[in-house]
Amino acid sequence: MVLSVSGVKKRFLSQDVLKDVSFHLDDKEKLALIGVNGAGKTTLFNIILGNIEPDEGTVYLAKNVKVGYLPQNAEYTSSNRIEEELMTVFKDLAAMEQQMRQLEVQMQTDSSSELMDRYASLTHEYEQRDGYSWRSRVRGVLNGLGFDESEYNIPIELLSGGQKTRVMLGKLLLEDPDLLLLDEPTNHLDIQSLTWLENYLSSFKGSCIIISHDRYFLDRLCGRTMELELGVSTVYNGNYSYYIDQKEFRKKIAIREYEAQQKEIKRQEGIIRDLRSRGQEKFIKRAQSREKVLDKMEVKEKPQELKASMRLHFTPSIESGDLVLSGQEVSKQFDGNELFHGLNFEIHKRERVALIGANGIGKTTLFKMIMQEQTPTYGDLHLGVNVKPGYYDQAQENLSPEKTILDEIYDAYPSLIIPQIRNILGCFLFRGDDVYKQIKSLSGGEKARASLCKIMLSNCNFLLLDEPTNHLDIQSREVLEANLREYEGTIFFISHDRYFINQVATRVLELRPDGMISYLGNYDFYMDHKREEKAEEKVSQAPSENKASFAAHKLASSEVRRKKARAARIEKQIDENEKTIEEIRQKMLLPKYYSSSSAFKDLEKEINDLQDQNEELTEEWSRLEEELEENE
C-alpha cells in the first residue's frame, strides 16, 4: 500500500469542505478523483502533500515514497529553454557523462589501472541508470506532449500558461516518482497528445491519483473511482463508466428504501392514531409501545433526487436547406506559411459534426472563415439556403459584464416570460439565486454555460462551437451533451473531449495539412478506421517477401480483437439509430410537424437516412461476424 487516508476532515471558516474522507491506494494503482467544482479535490491533494493540516484524521505515506504533483494553472518560472528545463531532471547523468569524457581524454596519456577502474566503474553505473537513453527520453516526452523540435529552444518565460503546464508535466513524468498527483493533466493537450499521455501513464510503474474532467481519459486509465460529494468520499471499484452506472443504481436503491421507510412510518402513525382514538387503556398502551419503536427507528435521510433529464427542445425559428455548408479547395496561408490546403467537404441539415486535428492545424481559423471574420487564401466556403450561423468562441464576447444572468437572457429574448427563462437557465444548472449573479462575477465555467444558453436560444440554426466543454465540470458537460442531442438545428464543433465527441457527434471530420477526411460515426468509430488505416499502411510498407506473413500475423492477433470491438460498436450504433428513429416517429405525431409538409418531409428524410445507415452497418456487422467465425 502506497497511501492511506482515514477520517480526514477540513473546515475553512464556517464551511466544512471535507467531512469524512477515507481511502487507500495500492502499488501501481490508478485512482480517478471526481466531484463538482469546489468539492475539495485540490484541498485533499494539499493535505496528502502536507501543505495543509487536516482538522481530524490521518494521512499515511509508505516509507521513502517520492511524490510528484502537477497543480492546475500553477505559476511556473525558469530561466531555461524548454529542452534545457527537462534535461535538468538528468543533471546527475549529464555530470557522469562529462566525467566519462574527461577520463577518456586522460586515458589517452595515462593507462594506469586506477584510471581504468574508475572509468569502468563509472561506465557500469551509467549503463545501469540507462544513461545512454536519457536524451532520447527527453525528446520523446517533448514530442509526445506536442512540442515541435523548432520549439525546443524557446525560453520558458515566453511561453503561454498552457505551454508552461505541458513543460511542468513533462518534467514530472521524467522524474519518475512513486506517486503522481495530477490535477487536470489533460488541459491544453490535443487528441494526439492525450493519446500519448494515456499510453505513457498506462505503462507507468508507480501509482496515480488523477483529477480530471476528461471522462474518456479516466475510463481508459483508472481502475477505481472516488467521488467527493458534500464532503464525503465514496469509492467505486471500477472506471468512470462503471461509477456512473453504480451511482445511479445505488441512488435508486436509496430512494426506494427511503420511500419504503416513509410509507411504513405513515402506516405506523395511522395505527397509533387509530389505537389512541379508541380511548381504552389497553389500546393506549399498545399505541405507546408502537411510538417507542418508532422513536428508536433510525430515520433515513431523504436522498438527493435522481438527476433530472434537464433537456429542452431547442428548435430554430427558421429551417435551413439540406446543404448547410460546403467547402471547395479551401486553403489558408499566413505570412507565406500554409496551414492547410485543398479542403473539400459538406455538412448537411441536422448533422452533428466534430472537427478534430492537431493543435495549430487551423481548426479555429476555419471557423472564423465560415463566420467571415477571415477569408480563405484560395477556394470557396458557402453557407446554404436560410442558414443562420451562431458562433461560440470561448471568449464569451456576447455577454455584458454588468448584467445579471437573468437580465442577459431577458434583454436578448424579451418575448420569454421570467418563469420560462428560469426554467431554461435551470437546464444549464443556474438555479435559485444563481440567476441574479452578475456576468463579471462568474467563473469561467459559469460564463461558458451562460454563453452557450444564449446562443442556443438565438434564431441561429447552425451552431459553430469552438471547444464548448472547456471550463465545464463533468455535470455541466453532461447537461450540454443532453441539450445538444435535442437541438434540432445543425452543429459543427471543435473538441478535444473524446467522451463528448462520442456522446454528440454523428460524423467526424479530421483536418490535415493536405485536406479533410470524413469518418461516419463518433470518436470510437473514427479510431476504428484509424487503426485499420495504420494496419494497412504497415502491410504496404513491409518488404514484399514479408508482406504475406506480416498480414497473416496481424489477422491472427490484433485484427481479431479489432473486429470484435468494431462489431460491438456497430451493434450499439444500430440500437441508438433505432431509438432515434422511434423518437422521430413520435415527433411526427405532433401538430407542428404533421401540419407542415416541409417539416414532415424533413423528418421522413431523417428516418430514411438513419435506416440507410443501419442497412450499411448491418451489412458490415454481418461481414465481420462471418470473418470472425472463419478466424475462429
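## Basis and a buried loop residue

A residue is called buried when its relative accessible area is under 20%, exposed when that area is over 50%, and partly exposed in between, as computed with a 1.4 Å probe on protein chains only. The model is predicted, so that local features need pLDDT of at least 70 and side-chain atom pairs count only at pLDDT 80 or more, while totals for chains, interfaces and linings use all residues. Residues are numbered from 1 along each chain as its sequence is written, and side-chain values use heavy atoms, with hydrogens and water left out.

Thr 186 is buried, with a relative accessible area of 9%, and its place is in the loop between strand S6 (179-183) and helix H7 (191-202). Helices (H or I, at least four residues) and strands (E, at least two) are DSSP runs, numbered from the N terminus. Leaving aside neighbours within four places in sequence, Thr 186 is in contact (heavy atoms within 4.5 Å) with Leu 194, Ser 212, Asp 214 and Phe 217.

Helix H1 (residues 41-49) has seven of its nine residues buried, so it is largely enclosed by the rest of the structure. The buried residues of H1 are Lys 41, Thr 43, Leu 44, Phe 45, Asn 46, Ile 47 and Ile 48, and just after H1, Gly 50 takes a positive phi of about 85°.

In helix H12 (residues 405-412), the buried residues are Ile 405, Leu 406, Glu 408 and Ile 409. Seen down the axis of H12, these residues fall within an arc of 165°, so they line one face of the helix; the arc is that of the directions from the helix axis to the C-beta atoms. The buried residues of H12 pack against helix H13 (418-426) and helix H14 (444-457).

## The pairing of H3 and H4

Helix H3 (residues 91-107) and helix H4 (residues 113-128) pack at an angle of about 150°, with their axes 10 Å apart, which makes H3 roughly antiparallel to H4. Axes here are lines fitted to C-alpha atoms, for helices over the stretch in contact, and angles run from 0 to 180 degrees between N-to-C directions; those over 145 degrees count as roughly antiparallel, those under 35 as roughly parallel, 65 to 115 as roughly perpendicular and the rest as oblique.

On the H3 side, the residues that meet H4 include Leu 93, Met 96, Met 100 and Leu 103, and their partners in H4 include Leu 115, Met 116, Tyr 119 and Leu 122. By class, the contact of H3 with H4 has ten nonpolar, three polar and four charged residues, where Ala, Val, Leu, Ile, Met, Phe, Trp, Tyr, Cys and Pro count as nonpolar, Asp, Glu, Lys and Arg as charged, and the others, Gly among them, as polar.

## A buried strand residue

Leu 463, found in strand S15 (residues 462-466), is buried with a relative accessible area of 0%. Not counting residues up to four places away in sequence, Leu 463 touches Gly 390, Ile 455, Met 456, Leu 484, Tyr 487, Thr 490, Ile 491 and Phe 492.

Most residues other than glycine have a negative phi. Asp 176, although not a glycine, has a positive phi of about 55°; this residue is found in the loop between helix H6 (161-175) and S6 and, at 47% relative accessibility, counts as partly exposed. Leu 230 likewise has a positive phi of about 55° although it is not a glycine. Leu 230 lies in the loop between strand S8 (224-229) and strand S9 (232-236), and at 59% relative accessibility it counts as exposed.
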